[in-house]
Amino acid sequence: MANVTVIGAQWGDEGKGKIVDWLASQADVVVRFQGGHNAGHTLVVGDKVYKLSLLPSGIVTGTPSVIGNGVVLDPWALQAEVEKLRGQGVTITPDVLMIAETCPLILPIHRDLDGLREDASGAGKIGTTRRGIGPAYEDKVGRRAIRVCDLAHLDQIDPQLDRLCAHHDALRAGFGEPPVDRARLKADLATIADFVLPFARPVWRDLDEARRAGRRILFEGAQGVLLDVDHGTYPFVTSSNTVAGTTGSGSGMGPGAAGFVLGIVKAYTTRVGSGPFPTELDDEVGQRLGERGHEFGTVTGRQRRCGWFDAVLVRQSAAVSGITGIALTKIDVLDGLDTVKICTGYRLGDSHYDHLPPHPADQAAAEPVYEEMPGWSETTAGARSWVDLPAQAIKYVRRIEVLIRCPVALVSTSPEREDTILVRDPFAG
């Protein structure tokens, strides 16, 4: 049986939560391999709603869940999330939740720096969630990070704090802020260590054993490919690689770990925060999509910008991330529209582009070229087979497949787990 990697193929918020939850019921292990608690997803299981940020989706059903070394971990946010889920009746023990010993920590000083930079950026703001994700990744590659394993050696942490504070004190001084309160930071780490350390493990070894035993591993990505630090709409991106190729490095498994790559794609397009968005709609159609799709961020609560489906961007995402098949979500939000549009290219002056140009100025100036199709008046909500879909909705799905050069593996027609049309089982390879 194949491993499965689930990633967002747009700017995040594509409905990964439901799909991962659905697949987690078939998986033996669920792994988060990048990002932090800046992205969230909502799981609807029966009459219960779970909102997750750091915890892998398998945690809700008791599937062994791993936070890999590619994640930046805010231990205080993790503690709050665990306590909240325990309050909803979810059992979370070290037998279910495993955290890589080499996971870098997000510290209060990272959150401070994130906010200071964003406040000082003026028109150059990139829409960070201010949760310290970027600064934590910077300290990781700068070899200043405090990692999970360091929590077991706090009596030897002073040399690391020297290096970390030398960097942050200079930055804080530039913003007119006092130096890092080292005593308080050490005390905070000592307090949270007792919570985090029981979950710490050499997860690379656990995952290797799972692979050798033929267990099904589900890799769960955060954000979306268009927010990838290399392949996204830079600089309006996240601070990690969100493409499927990161599964190996972010979990401790080899480059063949990804298996079947399932790209989650909305039947339209949304984006939170700043950055280019060629198909954005500022009219009543855009407002309708936002209202019907309940387009508000799980973590931030920010309203999402809405627009028509952009086949150019999804085709690009599929290519750079090696997507095997897509899961098309929220098609029911398009019900009742007389006409639906798909972006098939961009016009920039006298030039035509079949991809999004790399420079932010060109991206902002790109005008979408649309293909129009008749909409459908019947409902798609709750459909569980092709025969339940209106003919025109099926034509819309099939046209998307052609334009993005990637087949549809499943179609989601509501937030409920069972309301899914399965075309190809990802775990069957």
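Modeller: A polar contact is a pair of N or O atoms within 3.5 Å; within protein, one atom must be able to donate a hydrogen and the other to accept it, and residues adjacent in sequence count only if both atoms are side-chain atoms. This is a predicted model: local features need pLDDT of at least 70, side-chain atom pairs count only at pLDDT 80 or more, and totals for chains, interfaces and linings use all residues. Residues are numbered from 1 along each chain as its sequence is written, and side-chain values use heavy atoms, with hydrogens and water left out.

Colleague: What makes the pair of Gly 293 and Lys 330 a polar contact?

Modeller: The distance. The backbone oxygen of Gly 293 is 2.6 Å from a polar atom of the Lys 330 side chain, so the pair falls within 3.5 Å.

Colleague: Where is Lys 330 found?

Modeller: In the loop between β13 (325-329) and β14 (339-348). Strands are DSSP runs of E, at least two residues; helices are runs of H or I, at least four; both are numbered from the N terminus.

Colleague: Why does Lys 330 count as partly exposed?

Modeller: Buried means under 20% relative accessible area, exposed means over 50%, and partly exposed lies in between (1.4 Å probe, protein chains only). Lys 330 has 22%, so it counts as partly exposed.

Colleague: Which residues does Lys 330 contact beyond its neighbours within four places in sequence?

Modeller: Lys 266, Ala 267, Tyr 268, Gly 293, Glu 295, Arg 304 and Ser 412. Contact means heavy atoms within 4.5 Å. Lys 266 is 64 residues away along the chain, yet the two C-alpha atoms are separated by 5.9 Å.

Colleague: Why is Ser 412 called buried?

Modeller: Its relative accessible area is 4%. That puts Ser 412, in strand β17 (residues 408-412), in the buried class.

Colleague: What does the side chain of Ser 412 make a polar contact with?

Modeller: The side chain of Lys 18, at 2.7 Å. Beyond four places in sequence, Ser 412 also has contacts that include Ile 19, Leu 328, Thr 329 and Asp 419.

Colleague: Lys 18 is in α1. How do you know that α1 is largely enclosed by the rest of the structure?

Modeller: By the burial count. In helix α1 (residues 16-24), 9 of the 9 residues are buried, so the helix is largely enclosed. Among them are Gly 17, Lys 18, Asp 21 and Trp 22.

Colleague: What makes Leu 43 buried?

Modeller: Its relative accessibility is 0%. Leu 43 lies in strand β3 (residues 41-45). Its contacts beyond four places in sequence include Gly 17, Lys 18 and Asp 21, along with Tyr 50, Ser 57 and Val 60. Ser 57 is 14 residues away in sequence and 7.9 Å away in space, C-alpha to C-alpha.

Colleague: Now the helix pairs. Why are α3 and α5 called roughly parallel?

Modeller: Axes are lines fitted to C-alpha atoms, for helices over the stretch in contact, and angles run from 0 to 180 degrees between N-to-C directions. Under 35 degrees is roughly parallel, over 145 roughly antiparallel, 65 to 115 roughly perpendicular, and the rest oblique. Helix α3 (residues 108-120) and helix α5 (residues 158-174) pack at about 25°, axes 11 Å apart. They are therefore roughly parallel.

Colleague: Which residues make that contact?

Modeller: From α3, Ile 109, His 110, Asp 112, Leu 113 and Arg 117; from α5, Leu 164, His 168, Leu 171 and Arg 172. They divide into 4 nonpolar, 2 polar and 3 charged. Nonpolar covers Ala, Val, Leu, Ile, Met, Phe, Trp, Tyr, Cys and Pro; charged covers Asp, Glu, Lys and Arg; the others, Gly among them, are polar.

Colleague: What stands out in the backbone at Asp 13?

Modeller: Phi is near 65°, a positive value in a residue other than glycine. Asp 13 is in the loop between β1 (4-8) and α1. At 23%, Asp 13 counts as partly exposed.

Colleague: Is Gln 223 buried or exposed?

Modeller: Buried, at 8%. Gln 223 has phi near 60°, also positive in a residue other than glycine.
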